[in-house]
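Subject: Structure handover

Hello,

Here is the structure I promised to pass on. Please open it first, then read my notes below.

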Amino acid sequence: MRTTVGIIGAGPAGLLLARLLHNAGIDSVVLESRDRGYVEQRQRAGILEQGTVDVLRAAGAGARMDREGLRHDGIELRFARRRHRIDFPALTGGRSVMVYAQTEVCKDLIALQLKEGGPLLFEAEALAVEGADTGSPRVRFRHEGREDVLECAYVVGCDGFWGVARKAVPEELTQVFERTYPFGWLGILADVPPSHDELVYARHDRGFALLSMRSPVVSRLYLQVPEGTDAESWSDEAIWDELERRFETDDDWRLARGPITAKSVTPMRSHVHEPMRHGRLFLAGDAAHIVPPTGAKGLNLAVGDVVTFARALEHRRDTGSDALLDAYSATCLRRVWQAERFSYEMTTLLHRPPGATPFEDRIQLARLERLASARAAEQDLAEGYTGFALE
Ligand code: APR
Ligand code: PHB
């Protein structure tokens, strides 16, 4: 098999890249190790930055998002039993975010790709990328019980944190920056209308909690739990009791309970792999960088990477110049590090690490007080949350 761009992975990065290339008249093949049902059901965050919304619309993939997505103009910070709203449009010159789950973004892009795009092979596992530093890289893969080779002009590794593409970058050329956090998020889906019309990020002495949503009738909620917690060790009642405590306010706000339909624990890490390119192999999305979920930057970063790659390849086709492809890694990394910083700051602002000292507690509260009283601090958060512009 032969194509211009071999794409490994059909998460949001790989699927959107295939769509952007199709629209630009560049052919690609997508290899995805899992089956379609798995990719469409995998629970992830659901906040789209303004820029991501614009990209999906321009790619012709925004119709259902515009019908079913919920535009959000702010978030609430909750601490010391008080509530403080951050008003995005007022602080950023009109920007907002969209609540639309990653599962739905993937479903929309898969449907478009199967209808109009190039080959998208499910249960096709990439085994290795070979010849990345030659003019004709290859992906060895297994599909329907036999091994095959995809010959490409370029390979883009969109295969997430556990993928194989990153391994084709020689270790001596690689630098990895990493931080793991000594806690995770216990996440639930519940059949109950969200108890607030915007997301609520709560800092509490017992740990962080987040109220989010998937639709007007489905809530998504999270609790900070110790690293390595087994989701099944939490009964439904214990989860609701703990959420109630952490969201408690001095006014008459109440948390509504409902049947829990899914329960899982997500670990928290920051991770950046530099560079994001080796020869004709490019890394995009979680294959190159992970952020902790506080602030929901993962999907939005993946979108920025593939937009940058697609533009660079179009530029090469139209002008013959490799300048933008050569700049890919540095261009992406500038935005990646801003999102890493933002996610790290949101995480340390709101979580209570095990063994936090009274001094650290006071500093954390002072940071929140500052957000609640100084427009400059609020503005910085609002700009980061609604997203850093693509170069
Ligand atoms: N061969 C083929 N496919 C693979 C392989 C492989 N060897 N290894 C992994 N994959 C597939 C996975 O099954 C998955 O579908 O690559 C895809 C990677 O998708 P994601 O993990 O969703 O990563 P990405 O597309 O970069 O999206 C970033 O993911 O972590 C979240 O919140 C984050 O929303 C962000 C998004
Ligand atoms: C989610 O809805 O899953 C979500 C929302 C905001 C976050 C993280 C996750 O910061």
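One term first: a polar contact here is a pair of N or O atoms within 3.5 Å. Keep in mind that this is a predicted model.

**Ligand 2**

With that cut-off, take ligand 2. One of its oxygen atoms is 3.0 Å from a polar backbone atom of Pro293. That pair is a polar contact, because the cut-off is 3.5 Å. Ala296 also takes part through its backbone: a polar atom there is 3.4 Å from an oxygen atom of ligand 2. Tyr222 uses its side chain instead. A polar side-chain atom of Tyr222 lies 2.5 Å from an oxygen atom of ligand 2.

How much of ligand 2 does the protein cover? On its own, ligand 2 has 280 Å² of accessible area, and the protein covers 99% of this.

The shell around ligand 2 holds 16 residues. Tyr201, Ser212, Arg214, Tyr222 and Gly295 come nearest. By class, nine residues of this shell are nonpolar, four are polar and three are charged. Three strands each supply at least two residues of the shell: S13 (199-202), S14 (209-215) and S15 (218-226). Strand S14 gives the largest share, three residues.

**Ligand 1**

Now the other site. Ligand 1 is surrounded by 26 residues. The closest are Glu32, Arg44, Gln102, Ala126 and Asp286. Arg44 has a polar side-chain atom 2.8 Å from an oxygen atom of ligand 1. A backbone N or O atom of Ala13 lies 3.0 Å from an oxygen atom of the ligand. For Pro12, a polar backbone atom is 3.3 Å from an oxygen atom of ligand 1.

Ligand 1 exposes 710 Å² when taken alone, and the protein buries 89% of that. Which elements give two or more residues to the shell around ligand 1? They are helix H1 (12-23), strand S9 (124-130) and helix H8 (298-319). The shell around ligand 1 has eleven nonpolar, eight polar and seven charged residues.

**A helix pair**

Two packed helices are described by the angle between their axes and the distance between the axes. Look at helix H10 (residues 358-373) and helix H11 (residues 375-386). They pack at an angle of about 95 degrees, with their axes 5 Å apart. That makes H10 roughly perpendicular to H11, because angles of 65 to 115 degrees count as such.

Which residues of H10 and H11 meet? From H10 come Arg370, Leu371 and Ser373. From H11 come Arg375, Ala377, Glu378 and Leu381. The contact of H10 with H11 has three nonpolar, one polar and three charged residues.

**Two loops to check**

Go to the loop between strand S16 (260-274) and strand S17 (277-278), where Pro275 lies. Is the peptide bond from Glu274 to Pro275 cis or trans? The bond is cis, with omega near -5 degrees.

Then find Ala80. Its place is in the loop between strand S5 (74-79) and strand S6 (82-87). Phi of Ala80 is near 50 degrees. That is a positive value in a residue other than glycine.

Over to you.

Best wishes

How values were computed:
Residues numbered from 1 in each chain as written. Chains lettered and ligands numbered in written order. Predicted model: local features only at pLDDT ≥ 70, side-chain atom pairs only at ≥ 80, totals over all residues. Heavy atoms only, no water. Near = heavy atom within 4 Å. Polar contact = N/O pair within 3.5 Å; in protein donor to acceptor, adjacent residues only side chain to side chain. Areas by Shrake-Rupley, 256 points an atom, 1.4 Å probe, with all protein chains shown as cover. Helix = DSSP H or I, 4+ residues; strand = E, 2+ residues; numbered from the N terminus. Nonpolar A, V, L, I, M, F, W, Y, C, P; charged D, E, K, R; others polar. Axes fitted to C-alpha atoms, helices over the stretch in contact; angles between N-to-C directions. Parallel < 35°, antiparallel > 145°, perpendicular 65-115°, else oblique. Contact = heavy atoms within 4.5 Å.
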